[in-house]
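Subject: Structure for you to look at

Dear colleague,

I am passing on the structure we spoke about, together with a short account of what was found in it. Please have the sequence and the coordinates open beside this note as you read.

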2 protein chains.
Amino acid sequence: MLSFGHHLIIECLGQHAHLGEQALERLLVTAAEAGGASVLQTHFHPFGEGRGITGVVLLAESHITVHTWPEHDYAAFDVFMCGGCRPMQAAEIITTACPDAVTSVRSIERGLPFSTGYVTEHLSSSNSQSDSFSMGEGKIQNS
Amino acid sequence: MLSFGHHLIIECLGQHAHLGEQALERLLVTAAEAGGASVLQTHFHPFGEGRGITGVVLLAESHITVHTWPEHDYAAFDVFMCGGCRPMQAAEIITTACPDAVTSVRSIERGLPFSTGYVTEHLSSSNSQSDSFSMGEGKIQNS
């Protein structure tokens, strides 16, 4: 795998699903900053009273998204950060925002699972497990 | 797993990385429509001549995102669709848009890996493999 970054799949059961638009925007921007990323744009769409919210923070280093289902106490977040960012620190901001929530974080390495000619050394493969995908050690060659 | 939808992680090596902003927006909107989703908003950010583009299509059923690295011939797409959408059909629009590209699609079930009380029956677990995560069969109980 030629790694371009890590993508964290975050599932939350509890209070996250009931946060309002402004609280979610603050949370995602705070998470982005904690991860060392630069916010380009923020966009949110509330579906109406008692219904969910969908939103995105576009980053110079990819994105953070959120979708909430208050009727199921469920919120789905994604943190995808490339480069030298710290996505796990962003995820920690999100998962700890609601202390009583039950949360799950899965990590996926993003990049090219193909032979590309960019790779200068063959790096260790990840040891994926069901619902728990370890991060590999691929690096992009500086050209 | 109480499933709220499927999230497809799409990696592309080749021409996708060199598509312009308008072509990417058309591609993502076409993919959304092919998947039976409703587009709420589209937002794109080009990083400048010879550099990448980052973008999102917010859906009533979650999102499609893209990030391109033309200098590495690499483009990363995400298709996350809940409800009765057809994310694989959306992914097929994306992967076949550039016939010479080499593409990879990984599927991840999104939802709650916790006991919630919403599940009416215990459903088969997914058999995850490295870089290939099978879809489970969880369903949300209609309340």
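In chain A of this predicted model, strand β1 (residues 2-13) and strand β5 (residues 74-82) pair in the antiparallel sense, with nine bridges between them. Within β5(A), the residue that stands opposite A:Leu8 is A:Val79.

This pair belongs to an open sheet of six strands in chain A, whose order is β2-β3-β4-β5-β1-β6 and whose pairing is antiparallel. The edges of the sheet are taken by β2 (39-46) and β6 (102-112) of chain A, each of which has a single partner strand, so that one side of each is left without a neighbour in the sheet. On average, and with direction ignored, neighbouring strands of this sheet are turned by 10 degrees against each other. Helix α1 (residues 21-34) of chain A lies across β2, β3 (53-59), β4 (62-69) and β5 of that chain, and runs at about 30 degrees to β3(A).

The hairpin formed by β4(B) and β5(B) has four residues between the strands, and B:Asp73 in the turn has a positive phi of about 60 degrees.

As to how the chains are arranged, chain B can be laid on chain A with an RMSD of 0.0 Å by a turn of 180 degrees and a shift of 0.0 Å along the axis. The two copies are therefore related as by a two-fold rotation axis.

Between the chains, 35 residues of chain B are in contact with 35 residues of chain A. On the side of chain B that touches chain A, β6(B) gives the most, with six residues, and by class that side has 16 nonpolar, 16 polar and three charged residues. Since 100% of the interface residues of chain B are also interface residues in chain A, the copies meet through the same surface.

With best wishes

Conventions
Residues numbered from 1 in each chain as written. Chains lettered and ligands numbered in written order. Predicted model: local features only at pLDDT ≥ 70, side-chain atom pairs only at ≥ 80, totals over all residues. Contact = placed C-beta atoms within 7 Å. Helix = DSSP H or I, 4+ residues; strand = E, 2+ residues; numbered from the N terminus. Nonpolar A, V, L, I, M, F, W, Y, C, P; charged D, E, K, R; others polar. Pairing = 2+ DSSP bridges. Axes fitted to C-alpha atoms, helices over the stretch in contact; angles between N-to-C directions. Least-squares fit on C-alpha atoms with pLDDT ≥ 70 in both.
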